[in-house]
Amino acid sequence: MTTRLPQIFGIAALALVALVAAGCTDHSNPDSVDRRSVERWNYLIAHEAEKAYDYLTPGYRATQTREAYAAAMNNRPVQWKGAKFKQKTCDGERCQVEVDVTYRLMTPGMGGKAIETTSTQAEIWIYSQGNWYFLPN
């Protein structure tokens, strides 16, 4: 029985290392922040800010209700048309993400004509509680 004990501990140690590595995959290789940044914008584009709310940091969500956030974001005078991940710079549990956002804005001063353009939005994303979250300014 004692001859199998080291083998059992070895298997248990390998399993523990595999579990830890799997849990750190999202953090040590933050590719999911690319996807999540565009997903959040796609919800805003679709006027589904109540779903984009889930991408906000837990701390920010503690200060504003889903309903208040959705009302504020869904009633903006700008029409977001598209979002494309551009690049990121990460340092541990923080990434600065750049997303090219195409939007349309009505210009009352120009006879009500619409202007459509693309601008790069620089966003801060924080790794917290096992996932990447957007930290609003």
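Biologist: What is the relative accessible area of C90?
Modeller: In this predicted model, C90 is partly exposed. That class lies between under 20% for buried and over 50% for exposed. The relative accessible area of C90 is 31%.

Biologist: Which residue forms a disulfide with C90?
Modeller: A disulfide requires two cysteine sulfur atoms within 2.5 Å, and the count by this rule is 1. The sulfur atom of C90 has its partner 1.9 Å away.

Biologist: Is the disulfide of C90 and C95 right-handed or left-handed?
Modeller: The handedness follows from the torsion about the S-S bond. For C90 and C95 this torsion is about 105 degrees, so the disulfide is right-handed.

Biologist: Which element gives the most to the lining of the largest pocket?
Modeller: The largest pocket holds about 300 Å³ of space. Its lining has 16 residues, with R40, W41, M73, Q121 and F134 the closest to the centre. At least two lining residues each come from α2, α5, β3 and β4. With 4 residues, the element that gives the most is β3.

Biologist: How many residues in that lining are nonpolar?
Modeller: The lining of the largest pocket includes 2 polar and 3 charged residues. The nonpolar residues in this lining number 11.

Biologist: Is R40 buried or exposed?
Modeller: R40 is found in helix α2. Leaving out residues up to four places away in sequence, R40 touches A52, Y55, Y69, E123, W125 and F134. Its relative accessible area is 3%, and the cut-off is under 20%. R40 is therefore buried.

Technical notes
Residues numbered from 1 in each chain as written. Predicted model: local features only at pLDDT ≥ 70, side-chain atom pairs only at ≥ 80, totals over all residues. Heavy atoms only, no water. 1 Å grid on protein atoms, 1.4 Å probe; cavity = no way out; pocket = protein on both sides within 12 Å on 5 of 7 lines; lining within 4 Å. Points joined across faces, edges and corners; volume = space filled by probe spheres on them. Nonpolar A, V, L, I, M, F, W, Y, C, P; charged D, E, K, R; others polar. Buried < 20%, exposed > 50% of the residue type's maximum accessible area, 1.4 Å probe, protein only. Contact = heavy atoms within 4.5 Å.
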